[in-house]
Amino acid sequence: MWALAWLAACRREEPPPADRVDGDADTDADADTDTDPPPTPRTFLRMVHVSPALGAVDVWIDGDVRPLAAGVTGPDGSAFTGQPPGLRTLVLTEAGGSPSLAPLARLDVELADRARTTLVIFGTPEAVGFVAVPEVVADLGPNDLRYSFFTAVPAIGAARVTVEGAQTAAPYGERVLLGDFPPAARDVAVDLDAD
């Protein structure tokens, strides 16, 4: 198996507002009192597909209304993309499948304005996993990276991950925070069979 887990490091960066308009661009002679309009509400989503057994998948947002991504394969993740916030229904299908007739998994999730969320696709064709992982970095130091781990293969059960001498259990299908560290080369040990 070539994708056993997902190890990620996040840094504290706000996605830039893509729709900002400069309200002070008028050409009259008076003192400008214009203000920029408030940014359009946006939530930010990315996907990580760590189940080679599933093959390529499509991800639909708002049920069968519109595709969010098509033909997603692993083990890489996508960049964050902006979406309207609110309660959203996400449906996972095989590539080219119908979200109303052949869903592999369905997820209802409340997506807050300016929040970042990672959608993780994992598991097997018999037991598809699809979870939304909030990426909360408000408490992350400006010069640190936050490391997390996700065990993606059901046969492994709980892995044990060691970073900077601290060991953490990483149960199947759950994102586990490993710690915040300054950027540097790090040794990460993963014990898959409790030996």
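Let me start with Tyr-172, which is partly exposed, with a relative accessible area of 28%, and please keep in mind throughout that what we are looking at is a predicted model. The ring of Tyr-172 is paired with that of Phe-122, and since the two centres are 5.5 Å apart while the planes stand at 75°, the pair counts as edge-to-face. Phe-122, for its part, is buried, at a relative accessible area of 6%.

How many aromatic pairs does a search of the whole structure find? The search finds three. Among them is a tilted pair formed by Tyr-147 and Phe-181, with 5.8 Å from centre to centre and 55° between the planes. This pair, too, links distant parts of the chain, as Tyr-147 is in strand β10, residues 145-151, and Phe-181 is in strand β13, 34 residues away. Both Tyr-147 and Phe-181 are buried.

There is one further arrangement around a ring that I would like to mention, which involves a charged side chain: Arg-116 lies over the face of Phe-80, at 5.6 Å from the ring centre.

Let me now turn to Val-161, which is found in strand β11, residues 159-163. Is Val-161 buried or exposed? With a relative accessible area of 1%, Val-161 is buried, the cut-off for that term being under 20%. If we leave aside its neighbours within four places in sequence, Val-161 is in contact with Phe-149, Ala-166, Gln-167, Thr-168, Ala-170, Leu-178, Val-188, Ala-189 and Val-190. For one of these residues, Ala-189, the C-alpha to C-alpha distance from Val-161 is 5.7 Å, although the two are 28 residues apart in sequence.

Val-188 and Val-190, both in that list of contacts, bring us to the surface, where Val-188, Val-190 and Leu-192 form a nonpolar patch with about 200 Å² of accessible area together. Val-190 lies in strand β14, residues 188-191, and counts as partly exposed because its relative accessibility is 37%. Val-190 therefore contributes to the surface patch while also being in contact with Val-161, which is itself buried.

Notes:
Residues are numbered from 1 along each chain as its sequence is written. This is a predicted model: local features need pLDDT of at least 70, side-chain atom pairs count only at pLDDT 80 or more; totals for chains, interfaces and linings use all residues. Side-chain values use heavy atoms; hydrogens and water are left out. Patches are made of residues with over 30% relative accessible area and no salt bridge: like charges are joined within 9 Å, nonpolar side chains (Val, Leu, Ile, Met, Phe, Trp, Tyr) within 5 Å. Accessible areas come from the Shrake-Rupley method with a 1.4 Å probe; for residues, only the protein chains shown count as cover. A salt bridge is a side-chain nitrogen of Lys or Arg within 4 Å of a carboxyl oxygen of Asp or Glu. Helices (H or I, at least four residues) and strands (E, at least two) are DSSP runs, numbered from the N terminus. Buried means under 20% relative accessible area, exposed over 50%, partly exposed in between (1.4 Å probe, protein chains only). Rings of Phe, Tyr and Trp (its six-membered ring) pair if their centres lie within 6.5 Å; planes under 30 degrees apart count as stacked, over 60 as edge-to-face and the rest as tilted. A charge sits over a ring if NZ of Lys or CZ of Arg is within 6 Å of the ring centre and within 35 degrees of the ring normal. Contact means heavy atoms within 4.5 Å.
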